[in-house]
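Let's walk through this one together, starting with a sheet and then stepping back to the whole chain. Have your viewer ready.

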Amino acid sequence: MNKVITEGVVLMPPAFSEGLGNWSSGDGTPGSDSYSGAVNAAFVPADADFAGCLELQKTEVTQQLRAFGQTPISPGCYLQVRARVKAMSGGLPSVRIAAWAGGSGGSHVSGLPEVGPSTLLTSYGEVVEITAIIGSGQRGGVDMAWGTEPTYAHVGLDLTGATGGVVRIDDIIVEDLTSAFHRDMMAMVDVRDYGAIGDGATDDTDAFEAANAAANGRTVLVSAGTYLLNGGMVFTERVRFEGTVTMPREAIFSLTKNFDLPAYIDAFGNEQLAFEKAFQSLFNSADHESLDCGGRRITITSPMDMQALVPNRESYAQRRNIINAQFYVSGDSEWLSDEATSVGTYSTSNPRFLTNVTNVANVQVGSLVEGNGVGREVYVKAKNDATQEVELSVPLYDAAGTQTYTFTRFKYIMDFSGFSKLQRFSLSHVELLCNSRASGILLPPAGVIFHVRDSWITRPRDRGITSHGEGCQGMLIDRCQFLTNEADQRAQDRTTIVVNTNANDVKLRNNRATQFKHFAVLGGSNNQVIGNHCFQGDAETAGVRTAGIVVASSYCSTTISGNYIDNCFIEWTNEHEPEPDFTTGFSFSALSIDENVFLTGNVAPWFSYVVIKPYGTGQSIGGLSVTGNKFRSIDGSIDRVDRVDETFAPLNMARGKNIRVEGNTFHQVETPIYNPLMVSHDQNSAASSWTVDTGGGLPFGGQARSVESIVTTDRLRNGGNQTRWAVPYVDLQQGTDGDQVRLNWEEPLSGEVTVRVSMTAV
């Protein structure tokens with residue numbers, strides 16, 4: 001860049017031959033004295049060394065020479081002022097380039113350096129060249145760094161030192177030296193050219209804003225240094241960083257033209273800080289919906305409170321996405337869980353609150369709650385220190401009264417719990433390398449459509465994705481991999497859980513999870529679990545297995561379809577109901593388990609793939625579909641694929657409806673199950689009453705509550721071997737377990753029938 005060439009800017013002061021009235025003996029401002037007619041100044045038209053020059057006698061302590069003309073000064077430009085001088089007689093003075101800094105309206109810009117280095121003349125007749133550089137930035141070689149306020153200069157020189165001597169001065173030259181500083185970076189605007197200091201202590205915000213405003217399509221260069229910005233900064237042009245930036249946590253730093261994590265890492269020099277500032281900008285700019293992390297590994301040394309990174313936002317509802325990143329957890333003590341114990345009171349009349357909680361100040365929002373009568377994955381949603389109340393994510397099943405609770409606060413790489421509500425947020429192509437130190441994601445307490453897709457959560461310490469409220473409403477988890485930290489543990493000794501939910505409409509699709517305690521603990525209803533592979537085996541002989549999928553709501557309206565459920569099982573409970581004894585409602589209803597692959601190896605014979613566990617009395621099955629599944633056990637057979645866990649209570653088998661179990665295949669399963677169940681009965685001796693046993697073939701030990709059909713498959717004969725055409729009437733729910741039916745005939749008969757029995761009443 002050269003202003004003289006590109007813009008025709010006149011930098012040179014007039015030659016002395018044009019008249020000494022163009023030159024001031026003061027500062028060069030209008031009204032100051034000139035050298036026209038001065039007794040100590042004369043123009044010399046011919047000199048052995050100079051074509052024409054000023055001869056000047058030093059009569060003042062500081063003899064000033066300034067051009068009345070204004071030399072333009074603009075940000076980003078660097079001007080070299082030079083003059084050749086020689087001593088003629090008398091005392092030998094010192095000489096220096098000097099200039100007066102002028103601002104808008106002709107005002108003097110004070111406080112700036114206005115002289116260059118001084119040179120002592122040591123002999124007569126020797127031509128000495130003196131120079132100085134004026135520019136806006138504090139660069140190496142710049143003698144007068146003026147920043148961006150001055151707009152022009154009165155250039156010249158000073159004679160200092162001995163008085164009385166006579167010197168001759170050649171015409172003063174002003175040259176645009178900008179290219180010497182910018183070299184091949186002419187498409188860039190350097191923040192130093194606009195007054196940035198880069199010492200880490202001086203506020204450079206104004207200089208950054210000025211450089212950005214001047215760029216006008218060019219790239220802003222943040223040259224080497226550390227730049228303090230006490231205010232926020234929004235770049236509307238592309239930025240290149242050789243130096244780094246430091247700024248207050250709440251100040252927003254936005255790169256609108258190159259908004260990606262690598263640029264922020266260049267800007268801040270620290271990966272975690274860079275991500276945090278980029279995330280802050282993402283939530284404070286309408287220019288971008290995604291933060292592309294460029295596939296960078298980001299070392300995380302402490303949990304990230306995502307709302308604290310955006311202190312001006314308590315909630316957010318615009319679509320935002322973080323993509324292409326790997327978060328690598330480092331450190332130790334920062335990731336240790338916090339634990340508090342407090343006495344609290346629970347009442348089923350206020351089922352989501354603990355009251356009179358002692359030491360409530362020590363209880364952290366997002367903590368896992370444990371105690372007698374507390375189901376799995378119960379968390380602190382909120383608390384009120386003043387009223388000593390703790391709000392729970394879900395009710396407790398049997399905790400009425402006062403007891404001591406334990407509150408464990410896991411540490412998460414991304415902790416969104418500080419937001420009151422967060423909607424339409426997603427992570428895609430992201431890996432959380434928890435390194436057995438950290439948990440993955442803590443969701444906000446409220447919100448809709450939190451989406452995690454095509455991502456990995458690897459070796460979480462305690463949890464993969466945790467919901468401590470309803471921030472899981474409509475959550476989507478698609479095509480993700482969850483890799484355990486506990487592969488070497490027995491299945492029953494594992495503690496880590498991939499995901500829990502409390503709200504409705506959750507979709508878990510095409511994910512893979514290996515060797516956790518549970519893949520998913522699902523509260524709420526209308527959930528879809530489709531196409532996942534959860535594997536929870538170990539190397540134990542006749543090993544115990546834990547639930548892969550826990551459905552923790554009795555009326556769940558949930559579909560579990562097309563999954564590979566590998567060495568684990570589906571467990572259906574009502575542990576999040578404050579009054580788990582059945583009084584009214586649908587009981588265990590609206591669950592579809594269809595077209596899944598169930599596989600186990602080397603498990604105890606009593607293992608089952610589908611387990612219902614009532615936490616209260618009187619519960620029954622009000623709607624269940626188990627169709628098209630493939631059940632297979634290897635390295636030993638199992639007794640049956642279904643079971644009722646009666647730890648707390650049995651199911652009421654005298655009730656139940658809408659139960660469909662058919663089209664499944666069974667391998668290495670001793671007792672397959674069907675509903676309706678086809679039972680073949682061969683009566684060898686004539687009898688008027690035939691007892692038909694279902695042989696445990698009805699699901700969950702169900703009772704024979706209806707007979708849909710009776711087909712004779714061999715002729716009916718009386719005691720005299722005479723054929724009879726007869727129809728019996730049926731007694732239902734016979735036997736100790738109610739799983740038999742009795743066929744009653746008009747006379748004693750023998751023969752063979754096929755009976756279609758159902759555990760559902762007509």
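In this predicted model, 10 strands line up in an open sheet with parallel pairing, in the order β23-β32-β35-β39-β43-β46-β49-β52-β55-β59. At the edges you'll find β23 (304-305) and β59 (642-644), and each has a single partner strand, so one side of each has no neighbour in the sheet. A strand here is a DSSP run of E with at least two residues, a helice a run of H or I with at least four, and both are numbered from the N terminus. Two strands count as paired if DSSP finds at least two bridges between them.

Before going further, some bookkeeping: residues are numbered from 1 along each chain as its sequence is written, and side-chain values use heavy atoms, with hydrogens and water left out. Since the model is predicted, local features need pLDDT of at least 70 and side-chain atom pairs count only at pLDDT 80 or more, while totals for chains, interfaces and linings use all residues.

β43 (residues 497-501) and β46 (residues 518-522) are joined in the parallel sense by 4 bridges, and N500 sits opposite V521 of β46. Strands of a sheet pair through backbone hydrogen bonds, either parallel or antiparallel.

For the antiparallel kind, look at β26. Strand β26 (residues 338-346) runs antiparallel to β31 (residues 401-409), with 9 bridges joining them; D338 has R409 in β31 as its bridge partner. β26 also pairs with β27 (residues 353-355), again antiparallel, over 2 bridges. There, Y346 stands opposite L354 in β27, and 6 residues lie between β26 and β27 in the hairpin they form.

Now zoom out. The protein as a whole has 5 helices and 67 strands. Its C-alpha atoms fill a box of roughly 160 × 50 × 45 Å along the principal axes. The radius of gyration, taken over C-alpha atoms, is 43 Å, whereas a compact globule of 762 residues would come out near 27 Å (the globule rule being 2.2 Å times the number of residues to the power 0.38).

Even so, 55% of the 762 residues are buried, meaning under 20% relative accessible area with a 1.4 Å probe, protein chains only. Of the contacts (heavy atoms within 4.5 Å) with a separation of 6 or more, 73% are between residues 24 or more positions apart.

How values were computed
Buried means under 20% relative accessible area, exposed over 50%, partly exposed in between (1.4 Å probe, protein chains only).
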